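The sequence and structure are shown first.

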Amino acid sequence: MSALIITAIIVVMMIGLGQVAYLNRANISEAHFKEKSRALSEACVNTALLKLVSSSSYAGNETITVASDTCRVVGVVTSGTVRIVTTQGNYQSSYTNLRVTVTTSTVSVIGREETQN
């Protein structure tokens, strides 16, 4: 009888440890996906800034290929003496939307924030 009780306790412990390991692995994957989507969005910001330096009329609304992935420059809006560049990176259903504010004259970054999807 005691062998059955000890076996049951060990089985319950092993199931619990298995669940913890699985959930930990899922959290690590989600963090990796988020970091990758953030890097893609940053790549689109950098591309948009480069294009703004080349052409002050650049309006965005394009998809950029980064290695085997893509990101989107959603738009570039002029508001007074600043331009607001909006980008989106997506990797494995993890999204990062960035809104970067730059000066119109020098294309210097003066603000950066992550926005909701």
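## Strand pairing

Strand 1 (residues 62–66) pairs with strand 2 in the antiparallel sense over 5 bridges; helices (H or I, at least four residues) and strands (E, at least two) are DSSP runs numbered from the N terminus, and two strands pair if DSSP finds at least two bridges between them. I64 stands opposite C71 in strand 2. The two strands form a hairpin with 2 residues between them, and A67 in the turn has a positive phi of about 55°.

The model is predicted: local features need pLDDT of at least 70 and side-chain atom pairs count only at pLDDT 80 or more, while totals for chains, interfaces and linings use all residues. Residues are numbered from 1 along each chain as its sequence is written, and side-chain values use heavy atoms, with hydrogens and water left out.

## Nonpolar core

The largest nonpolar core has 17 residues, of which L49, L52, Y58, V73, V76 and V102 touch the most other members. Such a core is a set of buried Ala, Val, Leu, Ile, Met, Phe, Trp, Tyr and Cys residues joined through side-chain atoms within 4.5 Å; buried means under 20% relative accessible area, exposed over 50%, and partly exposed in between (1.4 Å probe, protein chains only). Helix 1, strand 2 (69–79), strand 3 (82–91) and strand 4 (94–103) each give two or more residues to this core, with the largest share, 6 residues, coming from helix 1.

Beyond its neighbours within four places in sequence, V102 is in contact (heavy atoms within 4.5 Å) with residues including L49, L52, V107 and I110.

## Salt bridges

The whole structure holds 6 salt bridges, each a side-chain nitrogen of Lys or Arg within 4 Å of a carboxyl oxygen of Asp or Glu. One of them joins K34 and E114 (2.6 Å, N to O), linking helix 1 to strand 5 (residues 109–115) across 80 residues. K34 is partly exposed at 22% relative accessibility, as is E114 at 37%.

K36 forms a salt bridge with D69, with the closest N and O atoms 3.4 Å apart; this pair links helix 1 and strand 2. K36 is partly exposed at 30%, whereas D69 is buried at 17%.

## Surface patch

M1, L4, I5, I9 and M13 make a nonpolar surface patch of about 600 Å². Patches are made of residues with over 30% relative accessible area and no salt bridge; like charges are joined within 9 Å, and nonpolar side chains (Val, Leu, Ile, Met, Phe, Trp, Tyr) within 5 Å. Accessible areas come from the Shrake-Rupley method with a 1.4 Å probe, and for residues only the protein chains shown count as cover. M1, in the segment before helix 1 (2–54), is exposed at 76%.
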